[in-house]
Amino acid sequence: MTVERKTIRCFFADKLRWKTRAGDNVRPQRFDPIIPERELDGVDVFASLMVYGLSEQITRHADTPRTYSRELELAVEVFVQAGPELDAEAVEDLVDELCDQVECVVEPEIPQLAAVEVPGTSSQLSVNPSRSGLQRVEVGFDAKGVQLAGAARLVFVIAYSTDVDEREQARATDLETARVTYRFPPVNEELPPAAEDEIDLAGG
């Protein structure tokens with residue numbers, strides 16, 4: 001659900017701040033990585049991390065209340081751009097270093113999601129750590145322009161489950177009883193009084 005996905009994105013973005021060489025240039029969404037220049041090892045470079053959802057697979061279970069198993073593909077995108085001081089190998093090395101740092105931060109924090117409260121509800125995230133973790137790494141590199149740019153995307157699967165939203169339950173119709181109105185055909189062009197009945201659906 002939207003609120004759970006946002007909670008997961010913000011959780012990992014917060015955990016990644018100041019834990020990698022990107023410093024506090026971490027955002028919990030996809031955005032244009034135009035960020036302040038910072039100095040790494042005496043060289044001015046751009047470095048940032050973006051945390052966002054790629055897709056989510058959902059399986060609905062016939063439980064009461066309804067339960068959904070979800071597998072969120074969470075992306076952590078690494079972006080590095082440097083001037084002529086760095087060659088292509090140095091940029092790629094920095095991208096790999098950032099990927100290693102991201103993996104070392106995210107993987108141990110996945111089980112901690114179970115203690116995170118979902119805003120607007122009284123429940124916590126129901127996470128399955130054994131089915132969660134790093135799924136793949138995608139790497140890209142651009143050396144056509146004056147500035148070298150390197151990027152990588154680490155895709156983590158976060159497996160969790162949700163029940164019917166508490167707000168949806170509050171709006172749900174009581175299905176234990178049903179009220180039925182019977183309307184009879186007119187007699188001498190006059191409608192007779194309607195009859196009403198109440199049916200017990202719970203079988204009690």
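How many bridges join strand β4 to strand β7, and do they run parallel or antiparallel? The model is predicted, so that local features need pLDDT of at least 70 and side-chain atom pairs count only at pLDDT 80 or more, while totals for chains, interfaces and linings use all residues. Residues are numbered from 1 along each chain as its sequence is written, and side-chain values use heavy atoms, with hydrogens and water left out.

**View 1. Pairing of strands β4 and β7.** Strand β4 (residues 67-82) and strand β7 (residues 148-163) run antiparallel and are joined by 16 bridges, where pairing requires at least two DSSP bridges between the strands. Alanine 75 has valine 155 of β7 as its bridge partner. Of the 16 residues in β4, 14 are buried (under 20% relative accessible area, with exposed over 50% and partly exposed in between, for a 1.4 Å probe and protein chains only).

View 2. The 15 residues of helix α1 (residues 2-16) should span 21 Å at 1.5 Å a residue, which agrees with the 21 Å between its end C-alpha atoms. Its buried residues are Glu4, Thr7, Ile8, Phe11, Phe12, Ala13 and Leu16.

**View 3. Packing of α1 against α2.** In contact (heavy atoms within 4.5 Å) are Phe11, Phe12, Lys15 and Leu16 of α1 with Val102, Val105, Val106 and Glu109 of α2.

Note on methods:
Helix = DSSP H or I, 4+ residues; strand = E, 2+ residues; numbered from the N terminus. Expected span 1.5 Å × (residues − 1).
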